[in-house]
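Welcome, and thanks for taking a look with us. Here is a short briefing to read alongside the structure.

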Number of protein chains: 2
Amino acid sequence: MSTPILSQPLEPTVAIVGVGLIGGSLAAALKQRGIAKRVIGVGRNRLRLADAKAAGLIDEFSTDLTQAARESQLVVVCTPVDRIVADVRQAAAAMPAGSLITDAGSVKGVICEELADLPAAYIGSHPLAGSEKQGFEHASATLFDQRLCVITPTKNSPPAQLQRLHAFGQAVGMQTCERSPAEHDAILAVTSHLPHAVAAALASVLAPELRRFAASGFRDTTRIAAGDPELWTAIFQQNSAALSNAIAALEARLGALKTALQQADSTALKKWLAQAKTNRDALA
Amino acid sequence: MSTPILSQPLEPTVAIVGVGLIGGSLAAALKQRGIAKRVIGVGRNRLRLADAKAAGLIDEFSTDLTQAARESQLVVVCTPVDRIVADVRQAAAAMPAGSLITDAGSVKGVICEELADLPAAYIGSHPLAGSEKQGFEHASATLFDQRLCVITPTKNSPPAQLQRLHAFGQAVGMQTCERSPAEHDAILAVTSHLPHAVAAALASVLAPELRRFAASGFRDTTRIAAGDPELWTAIFQQNSAALSNAIAALEARLGALKTALQQADSTALKKWLAQAKTNRDALA
């Protein structure tokens with residue numbers, strides 16, 4: 001894909017809080033596409049930040065979010081979901097009026113509710129891209145290319161700030177859409193959190209002595225179970241109810257399969273499998 | 001990987017019954033490695049067989065299994081599991097004493113039991129390689145490289161024939177091991193049939209309007225659900241009891257997850273996820 005380079009930076013200085021896979025990839029895209037003139041990486045570990053700078057992902061780094069936020073027009077919080085609220089609050093306290101803060105959290109309901117008192121400064125978003133890998137070493141400027149970014153405004157989000165966030169996401173190479181935080185969470189429970197739960201459950205069922213018999217099908221189906229347990233504990237907890245519903249829907253499908261197996265009903269089995277294939281093939 | 005070329009063909013003429021992804025890949029490996037001097041593709045569709053020959057996968061083709069078997073030292077039956085028994089019987093009726101027949105079926109218990117009266121002619125095997133794709137167009141001479149081949153002898157399998165089958169699998173590039181048909185089926189229920197069931201259940205849960213929100217995690221976790229429903233109906237039916245047990249084990253894991261979610265027990269959640277990650281990481 002060709003990468004459009006902007007003649008004018010959209011957001012002269014952008015601070016990225018949390019320079020891991022997501023934050024590092026975003027930083028790389030901002031620089032490669034000329035979206036920001038200056039990208040400040042913010043984190044807690046000075047050595048890791050220095051390495052990210054040496055890797056060319058960020059222009060500067062700071063362990064002081066307040067200071068970095070003060071110098072930035074836009075702050076993108078890419079920390080784990082259970083740290084986003086505190087990071088957004090700290091940035092908001094330092095930034096002048098008219099600045100914008102967003103995040104990249106995989107759950108939006110709890111975060112957007114807790115930050116409802118900052119409608120002008122914060123609007124949530126979630127770029128639907130990622131990997132089971134961690135760390136800026138796996139970052140890629142093209143991670144977000146043609147991916148979907150779900151923006152989750154509330155009824156108090158100022159239209160100009162919302163428009164600005166769409167423009168930013170699109171400049172990064174994403175399609176953008178809007179959903180309420182609750183809608184986002186119900187959708188992601190099915191498209192992201194349930195697959196993680198299922199992949200993890202499947203990985204857990206494999207006894208060590210069966211590992212050598214696991215071929216590509218097992219490996220693909222469980223790949224995402226290698227994700228960071230800490231990150232996913234926070235995601236699961238923040239989307240507990242919707243995830244439980246999604247698990248129940250999956251259990252109902254497995255229940256139908258067990259019934260067809262018990263009854264040796266080949267017509268029902270084939271129909272069950274054919275519906276799954278139709279759904280999967282539609283993803284292309 | 002370097003491909004050792006045999007100075008003498010191990011099995012001068014091999015008939016491969018069913019020239020699809022598996023049969024076509026095996027044919028390609030036999031020719032590339034010099035394992036057979038002559039590979040006869042056997043199937044029902046003359047046009048497809050002619051295309052497989054034109055693609056260089058087979059030397060000759062026939063729609064007459066009896067005739068092809070008569071001219072072969074080894075027959076490998078790569079048809080769907082519900083056709084293997086009939087194909088093996090037809091080949092066995094035509095072949096001289098000392099010939100060997102094996103198959104590539106994903107389930108072994110039913111097939112090996114039904115063929116128990118042919119211990120000298122037939123020994124079951126299952127190369128653990130495959131794809132959700134179908135047809136010889138996706139065949140690859142390296143599909144079996146370094147994969148595991150599970151050979152499922154019975155107590156009446158002649159040692160010389162068993163040894164011959166090990167040598168054949170190893171010449172194709174596989175590691176070989178032995179399990180009883182029942183052991184094989186219990187193992188594959190967990191490592192292959194359960195992942196397929198889970199991937200299919202997950203694909204089914206995705207409503208059409210949510211498709212655009214499905215990112216790489218969902219796609220990877222459901223990839224194998226694109227497999228042929230007809231093939232998998234037969235596999236599920238032949239391994240019904242072991243698959244039901246495997247589903248129950250998965251449901252127990254999901255039940256533990258739901259309990260931890262309901263109790264907002266972050267310690268239990270993290271432990272649940274960490275165990276899955278440990279298991280997945282061990283697959284490398």
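**A helix pair, then the interface**

In chain A, helix α7 (residues 181–205) packs against helix α10 (residues 240–262) at an angle of about 65 degrees, and their axes lie 8 Å apart. Please keep in mind that this is a predicted model. The crossing of α7(A) with α10(A) is right-handed.

**Where the two helices meet**

- From α7(A), the residues in contact are Asp185(A), Ala186(A), Ala189(A), Val190(A), His193(A), Leu194(A), Ala197(A) and Val198(A).
- Their partners in α10(A) are Ala242(A), Leu243(A), Ala246(A), Ile247(A) and Leu250(A).
- By class, this contact of α7(A) with α10(A) comprises 11 nonpolar, 1 polar and 1 charged residues.

**How much chain B and chain A share**

- Contact between the chains involves 75 residues of chain B and 75 residues of chain A.
- About 7400 Å² is buried between chain B and chain A, with carbon and sulfur atoms giving 66% of that area.
- Phe213(B), Arg280(B) and Leu283(B) supply 10% of the area that chain B buries against chain A, more than any other three residues.

**Polar and charged links**

- There are 6 salt bridges between chain B and chain A.
- Glu230(A) makes a salt bridge with Lys270(B), where the closest N and O atoms are 3.3 Å apart.

**The chain B side**

- Elements giving two or more residues to this side include β7 (148–152), α7 (181–205) and α11 (266–281) of chain B.
- The most comes from α7(B), with 14 residues.
- The side of chain B that touches chain A has 43 nonpolar, 16 polar and 16 charged residues.

Technical notes:
Residues are numbered from 1 along each chain as its sequence is written. Chains are lettered from A and ligands numbered from 1 in the order in which they are written. This is a predicted model: local features need pLDDT of at least 70, side-chain atom pairs count only at pLDDT 80 or more; totals for chains, interfaces and linings use all residues. Side-chain values use heavy atoms; hydrogens and water are left out. Contact means heavy atoms within 4.5 Å. Buried area is the accessible area (1.4 Å probe) that two parts lose on being put together, summed over both. A salt bridge is a side-chain nitrogen of Lys or Arg within 4 Å of a carboxyl oxygen of Asp or Glu. Helices (H or I, at least four residues) and strands (E, at least two) are DSSP runs, numbered from the N terminus. Ala, Val, Leu, Ile, Met, Phe, Trp, Tyr, Cys and Pro count as nonpolar, Asp, Glu, Lys and Arg as charged, and the others, Gly among them, as polar. Axes are lines fitted to C-alpha atoms, for helices over the stretch in contact, and angles run from 0 to 180 degrees between N-to-C directions. A crossing is left-handed if the near helix is turned anticlockwise from the far one by less than a right angle, and right-handed if clockwise.
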